[in-house]
Amino acid sequence: MGPKRIITVLALAAAFVGGAPYAGTSDAAAQLKVVTSTTDLYDIAKEVGGNKIAATHIGEGYQDPHFIEAKPSFVLQLRKADVWAFVGLDLEIGWMPLLLQGARNPKLQPGQPGYIDVSKVVPVLDMARGNVDRSQGDVHPLGNPHYWLDPENGRRIAKLFRETFSKLDPANAATYATNERAFVQRLDAAEKSWQSDLAKIKGKPVVAYHTSWRYFAKYTGMNIVGFMEPKPGVPPSAPHLAGLIQTIKQTGAKVIVMEPFYDRKMADLVASKTGAKVVILPPSVGGAKGLDDYIQLIGSDITKLASAL
Amino acid sequence: MSSLLAPPGRNHGFRWMPWVVLLVLVTTPLSAQRPDSTRRDSTVRRTAADSARIADSIAVLRDLERLQGEPRAQQGQQPGQGPTNARLLPDISAVGDLIADLSPKGSTQEGGERFSVREVEVALQAAVDPYFRGDVFLGVSDLEGIGIEQAYLTATSLPWGLEVRLGRFLMPVGKQNTTHRHDLHTIDYPYTLQRMFGPEGLKGTGIYAARVFAPFGFYQELILTAVDRFGEAPEETAPTIEPVNKKLGGLGYSARLRNYWDLNEASNVELSLSGVTGKQEQPLLVDGDVASFSTPARQSVVGADFTYRWRPLQQGLYKSFIVQAEFLRQINERDPRLLLPPETSPAGYTYAGPDRDFSGAYAFARYQLTRRGYLGARFDSFQDEAARGRTSTAASGYLEYFPSEFSKLMAGYERYSPAEGSATNRFLLQATFALGPHKPHPF
């Protein structure tokens, strides 16, 4: 077969498959199709959207959200989506543009109602106003993106989803409002049950692996006295760890909190030199078995930390 | 690893070279990730001297807060910040590609340099308006000056999920040709691609249309292009009396069908087919001598590529593995109609272009050793036109280290065995760096 024929065959094949229906679209035709970048946004979206939305997520809770691969299968999720909700503040900058470009979905373009940068509704920490460059590590010039770890921001996210879904699907606006209220009430009740643990945490010195616990610290009152990473995103170096060991001894920090996706060898080493305890805190829904919703996640992290202090 | 990096044969004087490279690349940075007890004492001794220059993470945060002009415990910024790009400037970035060629028998670089800035690529990228996006990549090198590597307008609002680009782009033929050379996990393109498309890959200027399909539940994408011509006019061949693309049949056309499957959450496979065809200038002989003009002849390349990737999600920062293989076959028109000047008798003119087809393939694998370190190897085999189609091979190994996402250091050793002549060893070092906005990682 000559090359002309091969190209012709490929073109005809494409024309054929282009006319075929997209698999899996019919069953969820009436629902808003929502894709989120993380499991936390996914869970809150499900809380608010209930059975009126069909939600999926790109990242898993046990995965570093900075380094998700832009797999073509994610493009298929985004092609037919009505809403793309993402954390923002450049958390997804390494992979999101490729996916959105590949999806070619006009509903998910910046400025469209379905393009939801969730960071727009939260108070952002660590936002730089001066000159920032990469000598400072993997800094996020627009601010620290790990804001979902403050439950107050969970409420803001739920409100944003209620507003977005209501705008895109006004027929079900009442349902979304009811669901949001139920979520907030459940969160309010959970917060009351966390008070004794929060009291144990407040003011206590801890070491964190990455800057992802800044919002959690703000909420719980834990005092982060050092980070395993010498600079955000930079793996621990021996000289930095030597200094960190001194810091831990001076401050009396008893806990090193870290995410499940980092190598814990360095943290174990520091712990062995200081008597501190390494506590793996999942930063996202699904980050550990049984952590299937947002409120469970926050509660579990608080309980785990309090019991280690 | 040692068998890949150890230079065989007569090059005993350079036997130490890869080990020095390996030592330099591995010791300091990797020890930072995986210290052991034997290093700890010296590390502690270094601490005092180093402490002044070690940026503590808390200090970084406090610097950020100082820049903010607010105390650490204060509430963060409120919603409704102003735009981050009020002047609507495009993203500007630059990538430097530096090469050191320590090959024992002299430099193997095109310009013969031992140390060179192979290329600096400057990119300007932005949305043009609500309907288009613009991407411009300029290549700057000592050998070629400034050139337009890519410059294309992408329509972002087309119906039916169509993507259309107008301009110059890397031709979607094969797997690695769509990757910028400085982004490769080897120092050069595979030999097969270099021989069939040129050392910097195949580009085209024209129209590019793509559509994603999923009729069978998995990802498929068809990409079609029509470009000004297939490849660049060969420098060593005289021009034709009429442009090869005078007729529409002489333009370059390509098609690529991508098929992608997730095997599970950690591994996936891509199996794709490509084809490109067009007309090229091919030499003529007149009474045994090379004629002062050439004739157009059709040349096509068809191929298939396979990629398997593995990256466990939870340990994805530290572990990954990729295997890639690509086969290409160049199909040459052997008896084209000779295009001669008017009123020229074809008697005495003989077609002197390629009189056979050529095939080539490579296989590449890369394993992630640490968070920042990778070990790769590639084997190339190709029928060499310069050796009347006899097979040349090359085996190479690479140690790749990423201090961050924005810089890369690589050491490579290659044993190149041409179909004719003796085998040669190549020792290459590469450093690349990227300035500017964070660009997505190609998949």
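1. Start with α2(A), where the buried residues are A:Thr39, A:Asp40, A:Leu41, A:Tyr42, A:Asp43, A:Ile44, A:Ala45, A:Lys46, A:Glu47, A:Val48 and A:Gly49. That is eleven of its eleven residues, so the helix counts as mostly covered. Bear in mind that this is a predicted model.

2. What does the covering? For the buried residues of α2(A), the cover includes the strands β1 (32-36), β2 (53-57) and β3 (83-86), along with the helices α5, α6 and α10 (294-308), which belong to chain A.

3. The contact draws 16 residues from domain 1 of chain A and 17 residues from domain 2 of chain A.

4. Which elements give two or more residues to the domain 1 side of that contact in chain A? They are α2 (39-49) and α5 of chain A. The largest share, four residues, comes from α2(A). By class, this side of domain 1 of chain A has five nonpolar, six polar and five charged residues.

5. Now α5(A) itself. This helix has 18 residues and reaches 26 Å from first C-alpha to last, close to the 26 Å expected at 1.5 Å a residue. Its buried residues are A:Pro151, A:Asn153, A:Gly154, A:Arg156, A:Ile157, A:Ala158, A:Leu160, A:Phe161, A:Arg162, A:Thr164 and A:Phe165.

6. The pairing of α5 (residues 151-168) with α6 (residues 173-201) in chain A is worth a look. Their axes come within 9 Å and cross at roughly 175 degrees. An angle over 145 degrees counts as roughly antiparallel, and α5(A) and α6(A) are therefore roughly antiparallel to each other.

7. Residue by residue, α5(A) brings A:Pro151, A:Gly154, A:Arg155, A:Ala158, A:Lys159, A:Arg162, A:Phe165 and A:Ser166 to this contact, where they meet A:Ala173, A:Tyr176, A:Ala177, A:Glu180, A:Phe183, A:Val184, A:Leu187 and A:Glu191 of α6(A). By class, the contact has nine nonpolar, two polar and five charged residues. For the spacing along each helix, remember that an α-helix has 3.6 residues a turn, so residues three or four places apart point the same way.

8. Finally, chain B. It has five helices and 19 strands. Of the 443 residues in chain B, 33% are buried. Among contacts in chain B between residues at least 6 apart in sequence, 59% link residues at least 24 apart.

Note on methods: Residues are numbered from 1 along each chain as its sequence is written. Chains are lettered from A and ligands numbered from 1 in the order in which they are written. This is a predicted model: local features need pLDDT of at least 70, side-chain atom pairs count only at pLDDT 80 or more; totals for chains, interfaces and linings use all residues. Axes are lines fitted to C-alpha atoms, for helices over the stretch in contact, and angles run from 0 to 180 degrees between N-to-C directions. Angles under 35 degrees count as roughly parallel, over 145 as roughly antiparallel, 65 to 115 as roughly perpendicular and the rest as oblique. Two residues are in contact if their C-beta atoms, placed from the backbone, lie within 7 Å. Ala, Val, Leu, Ile, Met, Phe, Trp, Tyr, Cys and Pro count as nonpolar, Asp, Glu, Lys and Arg as charged, and the others, Gly among them, as polar. The expected span of a helix is 1.5 Å times one less than its number of residues. A residue is buried if 20 or more other C-beta atoms lie within 10 Å of its own, exposed if 12 or fewer, and partly exposed in between; C-beta atoms are placed from the backbone.
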